[in-house]
Amino acid sequence: VTALKQDDLDDKNIISFVDLSSIAPGVTITKNEGFKTVIAIRGLGNEANQNAIANPSVSYHLDGVYVASPFAIQTDFLDLERIEVLRGPQGTLFGQNSTGGAINVITSAPRTDEVYGKADISYGEHNAIRTRGSINVPLGEKAAARGSLSYYKHDGFSQNTVLGQDLDDADNVSARIRLLWEPTNNLSLHFTAQYFKESSNGAAQKGILDTTPGARNVAQDSIAEYKLESQIYSFIAEWDLGAVTVKSLTSYQDDEVLIRRDNDRTDLASLPPFTLLPSFYDPETGKLTTVTQEINIISADPLFGKIDWIAGLFYLDTEVETSIRER
């Protein structure tokens, strides 16, 4: 297990899943086609990364809720308590074919003790700007709310010399609100709403026939574009009954994505006999909607004084609409 607190992430400038590769042993995180995040632990990961409904061998959980979409993993890290990387099969506690391992992201929970907040801003090369802020507000003695917001933007690192379009840029907005209500001493209710929006000109991917000088220059005759809107809503109820604790986790997840790219990675006008046949690709669009329901019953007192146990049910329903058209 590798566990990283928020201070560890800030010290090492870990702002997204891809950055975890540099500090978590045995973990490899890459971008497939520049858009889909592919996570592998000890070589086990998503073996069918072109399939939006294929469950990976490494499961991703947000505050205990299983996140099904490969696009939702691109969310910037925002107001976290810690990140846990678990290596090896985790099917007993996390399920979902997690034979490679699991990554658990635990966000900062609301607190009823005081009002407090924090904010920071950073600036770097390519006009990179990153701002973050969060605030915790008690709502009486038994309830509290916590809101978080971040904005990240930078200019493109690469350029399409044919169309004059900057590529590998970023324009991301992340927001989250968490509500806590503890009506009794043994019952706690958590509601979370998370929103992530990403808009960029797309990733620069050089074709094998592209002779454009410069590692960050490409020559392509089709525009590139990438847009993502990701929403996650969850409701978690935890009830301590003394001998056992009953926990219910309900979530609704919605992702909409648009991808436009030059699939031949080439400026056909420069390659006879295709001079009069410029390429054109309709955008790839996708919509993923997921509903999950999980119920856990966890022992508080060992059975016969020696056996700890957990029982649970898990329900997953994912609907995917994908449109890809080329000519």
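What follows is a set of questions on labels, each answered from a value and its definition.

Me: What should I know before reading the values?
Reply: This is a predicted model, in which local features need pLDDT of at least 70, side-chain atom pairs count only at pLDDT 80 or more, and totals for chains, interfaces and linings use all residues. Residues are numbered from 1 along each chain as its sequence is written, and side-chain values use heavy atoms, with hydrogens and water left out.

Me: Why is the contact of F17 and Y60 called edge-to-face?
Reply: Rings of Phe, Tyr and Trp (its six-membered ring) pair if their centres lie within 6.5 Å; planes under 30 degrees apart are stacked, over 60 edge-to-face, the rest tilted. The structure holds 3 aromatic pairs. In this one the centres are 4.9 Å apart and the planes stand at 80°, so the pair of F17 and Y60 is edge-to-face. The pair links distant parts of the chain: F17 lies in the loop between α1 and β2, Y60 in strand β4, 43 residues apart. Helices (H or I, at least four residues) and strands (E, at least two) are DSSP runs, numbered from the N terminus.

Me: What makes the pair of F17 and F77 edge-to-face?
Reply: The ring centres of F17 and F77 are 5.1 Å apart and the planes are at 65°, so this pair is edge-to-face. F77 sits in the loop between β5 and β6 (80-87), 60 residues from F17. F17, Y60 and F77 form one aromatic cluster.

Me: Are F17 and Y60 buried or exposed?
Reply: Buried means under 20% relative accessible area, exposed over 50%, and partly exposed in between (1.4 Å probe, protein chains only). F17 and Y60 are both buried. F77 is buried as well.

Me: Why is Y315 called partly exposed?
Reply: Y315 has a relative accessible area of 48%, so it is partly exposed. Y315 is found in strand β19 (residues 310-323).

Me: Which residues form the nonpolar patch on the surface?
Reply: Patches take residues with over 30% relative accessible area and no salt bridge; like charges are joined within 9 Å, nonpolar side chains (Val, Leu, Ile, Met, Phe, Trp, Tyr) within 5 Å. A salt bridge is a side-chain nitrogen of Lys or Arg within 4 Å of a carboxyl oxygen of Asp or Glu. I177, L179, F191, Y233, F235, Y252, V291 and Y315 form the patch, with about 670 Å² of accessible area together. Areas come from the Shrake-Rupley method with a 1.4 Å probe; for residues, only the protein chains shown count as cover. β13 (170-184) and β16 (225-240) each supply at least two of the patch residues.

Me: What makes the phi of N13 worth a remark?
Reply: Most residues other than glycine have a negative phi. Phi of N13 is near 55°, a positive value, and N13 is not a glycine. N13 is in the loop between α1 (6-11) and β2 (27-32). At 47% relative accessibility, N13 counts as partly exposed.

Me: Where is N127?
Reply: N127 is in the loop between β8 and β9. N127 has a positive phi of about 55° although it is not a glycine. With a relative accessible area of 41%, N127 is partly exposed.

Me: How many bridges join β9 to β10?
Reply: 10 bridges join β9 to strand β10 (residues 143-154), running antiparallel. R130 stands opposite Y152 in β10. The hairpin of β9 and β10 has 4 residues between the strands, and G140 in the turn has a positive phi of about 95°. β10 is also joined to β13, by 12 antiparallel bridges.

Me: Why are β1 and β5 called edge strands?
Reply: An open sheet of 5 strands has the order β1-β6-β7-β4-β5, with mixed pairing. β1 (2-5) and β5 (65-66) each have a single partner strand, so one side of each is left without a neighbour in the sheet. Strand β4 (residues 58-62) is joined to β5 by 2 antiparallel bridges.

Note on methods
Pairing = 2+ DSSP bridges.
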